[in-house]
Amino acid sequence: MKPFNTLTTSVLLAALSSLPAWSSPGADDQIKQGDNFLQHTKITQAIAAFREAIRVDPDNAKAHERLGQALAANDDYDTAILEEKTSVRLDPKYFLPHVVLGQVYSNQNKPEDAVAEFKQAVALKPTSVRAHLDLGMMLTTLGRIDEALAVYKKACELAPDDPAPHSNLGVVLQQKGLTKEALAEEQQALKLNKNLPEAYINMGNIQAESGSFDPAIDSFKKALKLIPNHPNAHSGLGFALLKKGDFKEAIAEQRKAIKSFPQFAVAHRRLAEALNKSGDSKGADDEFKEALKLAPNDLTSRVTYGEYLSSKGQTAAAETQFKKALEINPHLQPALDGLSKLKKGK
């Protein structure tokens, strides 16, 4: 399963101690064995172990939930959904199936369904920091910034010593235009964990968006020292270099990001922008299309591609992109502005 936010199998497994125990001894042994396989990304073996647990104890909600996780990790989303829904039916108070369902729906580009599941997870387990973080990330993706802000603030209250809520809060504060406050949250995250690459990446993005390109480059390079092939760090570094006018290096960094994570839609979009700046219009068009193929609901890609098409005189195609963006978010100001400019130009 493609990564969602910072949610990973190991994080989900870390929640085991707080989960109810439904298992007969045989099923419990199989679940533990499956968990071990899952932690070591031995997906086929994990699926077999969880299926055996279900054979031993067909009404074991945990076994169905775990099987759903493993199937999702194997990109078998349809069956994963069925298993998670079975887990919910067997134990309606169990929050973790809703987390996994939210993850799956996110990866299927069903953001509203994902939000509904993450909200249910939060309702069932109000103290779950992870469920709050996942909900906040999905709300941010949908542009529901005020809601995301409230969710992340709650996560900070729940776990003041956890750097992740502070780092994510910094992202939405920047989207609210509160750069000073956003940087303060990233600094707090790094105070709690100086080796958190995501905080350096978020700080770099905030710095770059506010025009502080040299500090941004430094932040991205610090992230790359921690994780040399981190796609977000390479892409962020490329973005900052593009803003400084270094098109060649900007293109190189985006290609590094894509090599590390070929499905990284943002890197494809940023590569398109860099190629356009360097004079490669065909390459730019191809990368914009690839970005939207990978992430059809990415509003920034829609608007940026629309602006690109408009600059090339392709007004009908540009109008289509702006309208598609507004289908996702009817109040998206950049898309509304883009349409307005097209109408004035007619």
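## Overall architecture

The protein chain contains 20 helices and 0 strands. Its C-alpha trace spans about 70 × 45 × 35 Å along the principal axes. For 346 residues, a compact globule would have a radius of gyration near 20 Å, and the 22 Å of the protein chain agrees with this.

Of the 346 residues, 51% are buried. Among contacts with a separation of 6 or more, 49% are accounted for by residues 24 or more positions apart.

## Confidence of the model

The protein chain has a mean pLDDT of 91, with 92% of its residues at 70 or more. Among its elements, helix 5 (residues 77–90) has the highest mean pLDDT, at 98, whereas helix 1 (residues 9–14) has the lowest, at 42.

Over residues 3–23, pLDDT stays under 50. The model has 50 contacts beyond four places in sequence for this segment. Where pLDDT is low, the predicted coordinates should not be read in detail.

## Salt bridges

Side chains of opposite charge can pair when their charged atoms come close. The count for this model comes to 16 salt bridges. One of them joins D35 and R66, with the closest N and O atoms 2.8 Å apart. D35 belongs to helix 2 (residues 25–39) and R66 to helix 4 (residues 61–73), so the pair ties together parts that are 31 residues apart in sequence. Both D35 and R66 are buried. R66 also forms a salt bridge with E65, for which the closest N and O atoms are 2.4 Å apart. E65, like R66, is buried.

A further salt bridge is formed by the side chains of D214 and K244, at 2.6 Å from N to O. This pair links distant parts of the chain, 30 residues apart: D214 is in helix 13 (residues 213–226), and K244 is in the loop between helix 14 (231–243) and helix 15 (247–260). D214 is partly exposed, with a relative accessible area of 48%, and K244 is partly exposed at 46%.

## Helix 16 and its packing

Helix 16 (residues 265–277) consists of 13 residues. From its first C-alpha to its last, helix 16 reaches 19 Å, close to the 18 Å expected at 1.5 Å a residue. Just after helix 16, G279 adopts a positive phi of about 100°.

The buried residues of helix 16 are A265, A267, H268, R269, R270, L271, A272, A274 and L275. These buried residues pack against helix 12 (197–209), helix 14, helix 15, helix 17 (281–294) and helix 18 (299–311).

## Selected residues

Q174 lies in helix 10 (residues 163–175). With a relative accessibility of 11%, Q174 falls below the 20% limit and therefore counts as buried. Beyond its neighbours within four places in sequence, Q174 is in contact with T179, A182, I206, E209 and S210.

D134 is located in helix 8 (residues 129–141), and D134 is buried, with a relative accessible area of 0%. In sequence, D134 and K282 are 148 residues apart, and their C-alpha atoms are 37 Å apart in space. K125 is placed in the loop between helix 7 (111–124) and helix 8. K125 is partly exposed, with a relative accessible area of 23%. K125 and Y94 are 31 residues apart in sequence, with a C-alpha to C-alpha distance of 8.4 Å.

Notes:
Residues numbered from 1 in each chain as written. Predicted model: local features only at pLDDT ≥ 70, side-chain atom pairs only at ≥ 80, totals over all residues. Heavy atoms only, no water. pLDDT = per-residue confidence, 0-100. Helix = DSSP H or I, 4+ residues; strand = E, 2+ residues; numbered from the N terminus. Contact = heavy atoms within 4.5 Å. Salt bridge = Lys/Arg side-chain N within 4 Å of Asp/Glu carboxyl O. Buried < 20%, exposed > 50% of the residue type's maximum accessible area, 1.4 Å probe, protein only. Expected span 1.5 Å × (residues − 1). Rg over C-alpha atoms; globule rule 2.2 N^0.38 Å.
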